[in-house]
Structures are given as C-alpha cells and as structure tokens.
Amino acid sequence: MVKERARILVVGGGYVGMYTALRLQRKLKRELQRGEAEVTVVTPDPYMTYQPFLPEAAAGSISPRHVVVPLRRVLDQCRVIVGEVTSIDHAKRTAALTTLATDEEGTGAQQLSYDELVLAPGSVSRTLPVPGLAEHAIGFKTVEEAIGLRNHVIEQMDIASSTRDPAVRDAALTFVFVGGGYAGVEALGELEDMARYTARYYHNIRPEDMKWILVEASDRILPEVGEEMGRYTVTELRRRNIDVRLHTRLESCADRVAVLSDGARFPARTVVWTAGVKPHPVLAATDLALNERGRLKCTAQLTIEGTTHAWAAGDAAAVPDVTAQEPGKETAPNAQHALRQAKVLGDNIAHSLRGEPLRTYSHKYVGSVASLGLHKGVAHVYGRKLKGYPAWFMHRVYHLSRVPTFNRKARVLAEWTLSGLFKREIVSLGSLEHPRAEFELAAGGKPPQDTPNDPKGSS
C-alpha cells in the first residue's frame with residue numbers, strides 16, 4: 001500500500017508518458033481502484049504516435065489510424081486531459097494548464113495541483129534561421145506531416161504531368177530532404193520508392209525525371225547503425241539515383257529555391273526538414289534543473305536532480321549512461337531508451353510511494369534497424385550487420401513487436417499482408433488539409449490559403 005494518497009501528473013502522451021502511465025496503471029491497480037492514487041495525463045493529442053511507422057504511413061504501406069494509439073482506450077484507469085502545460089511551479093506543486101476550451105471560457109490557464117510530477121513532453125524540431133524555411137518547409141514528426149507530405153509528393157507529380165512550363169515541372173519533381181538521421185533517411189527512402197512506383201501510371205513522368213536530394217552537414221548518415229552500414233546506405237541511395245550530399249548545409253530555401261553550402265541551387269517545391277530535435281519549450285518554464293542543452297538534469301533512478309517528487313525520461317531528460325565506458329556520458333534521446341526508461345520510471349514511482357528502494361536505469365545495446373523503402377534496409381543487431389531484404393524484414397519484425405497493443409499489431413500485420421498481395425495505392429487525398437475549402441467556396445467564401453502562401457507548396 002502507498003503511504004499516503006498520491007496525485008500523479010504525467011506531462012506528455014508520447015512514448016514515455018503513455019508507457020509510464022500504463023506501468024503505473026498496472027503497478028498501482030489496487031491503489032487506483034481504492035482511490036488512494038490518481039494518475040492524470042496531460043497531452044496535446046488524444047493519441048500516442050508510433051513514430052518509426054511514419055515513413056511507411058507516408059508511403060501508403062500502413063493506414064494512418066494504425067500508426068497512432070488512442071490514449072483513452074489504453075489508459076482506462078487514468079484521467080486523460082487534451083491540453084498543454086505551459087508552466088510548472090514545482091515548489092508549489094502546481095502546473096498551469098490550457099485546454100481546447102480555454103479560449104472560449106476566457107478565464108485563462110487553470111492551475112492543476114499534484115503530488116508527483118512526471119515530465120515527458122518529448123522534443124520539437126530543431127530549426128535554424130534559414131531564409132524561407134518557415135514559409136516553405138515541412139517537418140516529419142507527426143502523422144499529420146507524414147500524410148500531408150505523401151499527398152504533397154503525389155500532387156507535385158500531378159503538377160509536373162499537366163504543366164507545359166519546363167521550370168515548373170523541374171521544381172515540382174525536385175525533393176530536398178535535410179538531415180541524415182533516421183527520420184530523414186527513412187522518409188526519403190520510402191517516399192522515393194513510392195514515387196518511383198507511382199510514376200508508372202503517368203504517361204509523361206519517368207523515375208529518372210525526379211530529383212531526390214539528401215543534405216547532411218556531417219560526414220556520415222545513420223550513425224546509429226555504424227560507419228560501415230552508413231557507407232553502404234549512401235551507396236545504396238546513390239545507386240537509386242538519389243543525390244546524397246555530405247558536409248553540406250541548406251543555406252536558403254527562399255522563393256522555393258534550395259541553396260546549398262556547396263554552391264548548388266535547386267528550384268524545389270518540396271523541402272523536408274529533419275535536422276535534429278530540441279527539448280520541449282515547457283522545460284524552460286519550470287523551476288527545475290536544466291543542463292546546457294536545455295534538458296532536465298536527471299539521476300540514474302530517473303529523478304530530477306536537486307528536488308524530490310519530480311521524475312523525467314525520454315527526449316526531455318539528460319539521463320546518465322551507467323553502462324558507458326567514459327564518465328559523464330548520457331543516454332541518447334531515442335525511442336529505444338524511452339521505452340525502457342518508461343518501465344523503470346513507472347516502477348520507481350510505485351516504489352517511492354511505498355517506501356521501497358529505487359531501481360537504477362541501465363541498458364544493454366541491442367542494435368539499430370532502418371528501412372530504405374520496400375524490401376530494402378540496413379541493420380546492426382547484436383553485432384551482426386544485415387543489408388537489403390533481411391534488414392528490411394528485421395526492421396518490420398522489430399517494430400511490430402514494439403508497437404503498443406495487440407489490436408495495433410494485428411491491424412498492421414494485416415495491412416502488410418494485404419499490401420503484399422495487391423498493388424500500392426497511389427491516391428492523393430489533398431482535401432484532408434482543408435476539408436471545408438469546397439463548401440466555403442460554394443457558400444461565397446474565400447479559399448483557406450492563396451497558392452503563393454501555401455507552406456507546403458501545394459497547388
């Protein structure tokens with residue numbers, strides 16, 4: 001039994017937030033039923049996005065609704081609030097909360113009291129002051145961005161197929177991806193594979209007409225899979241006529257012209273930014289200890305340094321790596337650590353409430369897998385290096401085993417099976433971005449956006 005009634009506030013509904021709440025649901029089952037504990041999850045979206053499946057969702061291999069996990073269904077013993085925590089005063093154990101009804105109520109942010117705090121807001125895209133980036137680029141962290149990007153790529157092929165202007169056609173068929181990590185490489189690989197297949201249904205577009213450009217500032221891509229597999233990935237992408245540019249930065253994308261640091265210029269209607277992430281801005285609005293990178297200073301037990309009753313894990317937390325050879329090293333902000341840390345975090349909160357010893361987070365490196373398109377991939381698992389189809393199969397098996405709930409596993413497996421029996425879908429549902437556009441025009445209104453101001457460059 002817990003020593004006293006505990007109100008646990010979980011900020012964030014991503015990997016760490018959902019899995020921590022799920023762990024608490026199991027560990028504190030009796031306490032929750034008796035009213036001795038209460039778990040509240042505050043999240044901007046009512047679902048958790050399984051981000052490793054975003055590239056396949058963009059390519060049409062998985063339905064978008066199967067990439068997300070509804071939190072209210074999974075966390076049936078928790079209170080789920082769709083909203084955002086804007087600031088935290090841990091000294092007073094209060095958090096300022098805004099919800100979808102805040103503006104209509106006109107009362108401002110409400111104060112939410114708690115006894116135990118779990119900070120797991122995740123990260124946001126790390127952008128640079130590149131001219132034109134905010135106006136013309138798109139990220140790749142959410143399911144909305146993934147589906148919007150798929151629609152946009154097919155739409156650009158429609159534009160290229162119907163225009164008589166060579167300049168418009170060339171810009172429509174040029175796709176620039178910035179960032180050589182997992183998100184950038186997998187998104188590029190899957191979308192290029194999808195577009196190559198789609199081109200067979202256009203009478204005047206060949207795969208060779210499209211320009212796919214990967215821009216990476218360092219000397220390698222996919223550092224997680226090792227140097228050798230990173231070099232293989234570069235070779236494999238270039239074999240597919242993808243222009244991989246290392247030691248190169250995006251200097252500008254103003255006026256829909258991508259200007260690179262090596263002097264190259266590409267008129268492009270598509271710029272995808274995946275060049276890293278940074279801690280969520282809410283961390284700066286707390287009275288908790290942060291390191292020089294803006295992440296929460298944590299102990300190996302996943303408590304926040306310098307305070308009590310505060311916990312953190314995932315992208316927002318700087319957790320010491322107790323298995324590393326060199327002192328002071330921190331665990332990488334990736335999904336593999338987030339999933340494992342969430343289990344230890346949930347256990348430690350239960351242990352703390354019951355006055356039991358805390359566990360230390362330590363991990364054993366399993367490996368990394370990455371998809372480069374249908375039947376193509378790279379993997380470095382338990383010291384073994386895999387390429388091509390075996391690596392792609394390993395990628396699918398691993399992530400199928402990690403996606404939450406049996407419901408999602410079954411649906412994803414069914415979709416993969418059906419996609420192997422039938423042809424790819426090549427439909428762009430562009431109206432999803434502005435579902436009221438046609439009705440507004442019919443009612444005498446104006447279009448939601450004028451063409452020159454469309455941030456994704458759609459027609």
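**View 1. Val-39 and its neighbours in the predicted model.** Val-39 is in contact (heavy atoms within 4.5 Å) with Ile-8, Val-10, Ala-21, Leu-24, Leu-32, Cys-78 and Arg-79, leaving aside residues up to four places away in sequence. This is a predicted model, in which local features need pLDDT of at least 70 and side-chain atom pairs count only at pLDDT 80 or more, while totals for chains, interfaces and linings use all residues. Residues are numbered from 1 along each chain as its sequence is written, and side-chain values use heavy atoms, with hydrogens and water left out.

**View 2. The nonpolar cores.** A nonpolar core is a set of buried Ala, Val, Leu, Ile, Met, Phe, Trp, Tyr and Cys residues joined through side-chain atoms within 4.5 Å. Buried means under 20% relative accessible area, exposed over 50%, and partly exposed in between (1.4 Å probe, protein chains only). The largest core holds 112 residues, and Ile-8, Val-39, Leu-75, Leu-119, Phe-177 and Trp-212 have the most contacts inside it. Helix H7 (residues 143–162) supplies the largest share of this core, nine residues. Another core, of 17 residues, lies apart from it and includes Leu-133, Val-215, Leu-250 and Ala-275.

**View 3. Helices H7 and H9.** Helices (H or I, at least four residues) and strands (E, at least two) are DSSP runs, numbered from the N terminus. H7 packs against helix H9 (residues 182–198) at an angle of about 35 degrees, and their axes are 11 Å apart. Axes are lines fitted to C-alpha atoms, for helices over the stretch in contact, and angles run from 0 to 180 degrees between N-to-C directions. Leu-149, Arg-150, Val-153, Ile-154 and Met-157 of H7 meet Leu-191, Met-194, Ala-195 and Thr-198 of H9.

**View 4. Helices H1 and H11.** The axes of helix H1 (residues 15–27) and helix H11 (residues 335–353) come within 8 Å and cross at roughly 35 degrees. Among the residues in contact are Tyr-15, Tyr-19 and Arg-23 in H1 and Ala-338, Lys-343 and Asp-347 in H11.

**View 5. Cysteines.** How many disulfides does a search of the whole structure find? The search finds zero, a disulfide being a pair of cysteine sulfur atoms within 2.5 Å. Cys-78 counts as buried because its relative accessibility is 12%. Cys-253 is also buried, at 1%.

**View 6. Arg-269.** Arg-269 sits in the loop between strand S16 (265–267) and strand S17 (270–273). Its relative accessible area is 14%, so Arg-269 is buried. From C-alpha to C-alpha, Arg-269 and Asn-204 are 19 Å apart in space, and they are 65 residues apart in sequence.
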